[in-house]
Every structure is written in structure tokens, then in C-alpha cells.
Amino acid sequence: MKRTVLLHAELSGLVAAMGHGDLLVIGDAGLPVPRGVRVVDLAVTRGIPGVFDVLDAVLAEMVVERSALAQEAGADLAARFRARQIGAVSPMPHDALKAAMAEARAVVRTGEFTPYANICLYAGVAF
């Protein structure tokens, strides 16, 4: 059994396989995923797991160079994202964020019910 925070086998393997610049999206329960993009569905019920629970577990193993979030997220939600190690944060219109998802290695679906609680994480390198 792993000793680190991230125990979900599929998600852990996904993070391990990512290369520099690859995109991983962690989204709320209602985020539409483009056809052909891999989905790691963690949603169990309303609010479980929350987007920040999943984000914190992923950040325990992933080096993030930069990130993006929806401009519509609001100041409080944006501040909660920015309080984490997610590199330089670029706000973008929600429609642009959804369009960027077409290039994602995967989208992680959470049980989050907070509108616009979605984050694009671009992989960095550990050296």
C-alpha cells in the first residue's frame, strides 16, 4: 500500500504519467467533459468528495507550473484556489476553460456543488 496522500490507483497513475505542460482538470459535479477526454469520476454524493479535498491530494504528488480558473468563480473561491501551490494562476472565461479541456489528459469529477469550482493544472517538472 502506498504511504503518500493520494491512494486512488487510477488518479495516482495518471499523475505519475504526466509530462511537462500536460493538463489535468479537477472539476465540480456538473462540469461537462468533452467527448474523448478521459474522466476519473470520484463523485459519490453531493459535496463528497469536495474539489479542495481532491486538489490537496493531487498536489501532494503533482508539480504544478501554472493553473487556470474561471473568471466567474468569484473572489472567495479564487482565493481558496490561490492559497495552494498551483503556480501562476490565469483567470479565463468559463467557456474558454471548457474549451481548453479538450486538450486535457483527464478530467477529475468531484462531488463539488459550488458553481465554477474547477481548476486547470498544468504539470511542471521537479528539476
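Here are a few friendly notes on the predicted model above.

1. Let's start with helix α1, which spans residues 9–17 and has Leu11, Ser12, Leu14 and Val15 as its buried residues. These residues lie on the same side of α1, because the arc they cover around the axis is only 160 degrees. Ala9 and Ala16, on the other side of α1, are exposed.

2. Threonine 110 is worth a look in your viewer. It belongs to the loop between β5 and β6 (119–123), and threonine 110 is buried, with a relative accessible area of 0%. Its side chain reaches two backbone atoms: the oxygen of glycine 27 at 2.8 Å and the nitrogen of glutamate 112 at 3.1 Å. Beyond its neighbours within four places in sequence, the contacts of threonine 110 include Ile26, Asp28, Ala43, Pro49 and Val54.

3. On aromatics, the whole structure holds one aromatic pair. The ring centres of phenylalanine 52 and phenylalanine 81 are 4.8 Å apart with the planes at 40 degrees, so this pair counts as tilted. The two residues are 29 residues apart, with phenylalanine 52 in helix α2 and phenylalanine 81 in helix α3 (residues 75–82), and the pair thus links distant parts of the chain. Both phenylalanine 52 and phenylalanine 81 are buried.

4. One last item concerns a charge and a ring: arginine 66 places its charged end over the ring of tyrosine 122, at 3.8 Å from the ring centre.

Terms used:
Residues numbered from 1 in each chain as written. Predicted model: local features only at pLDDT ≥ 70, side-chain atom pairs only at ≥ 80, totals over all residues. Heavy atoms only, no water. Buried < 20%, exposed > 50% of the residue type's maximum accessible area, 1.4 Å probe, protein only. Helix = DSSP H or I, 4+ residues; strand = E, 2+ residues; numbered from the N terminus. Arc of directions from axis to C-beta. Polar contact = N/O pair within 3.5 Å; in protein donor to acceptor, adjacent residues only side chain to side chain. Contact = heavy atoms within 4.5 Å. Phe/Tyr/Trp six-rings, centres within 6.5 Å; stacked < 30°, edge-to-face > 60°. Lys NZ or Arg CZ within 6 Å of the ring centre and 35° of its normal.
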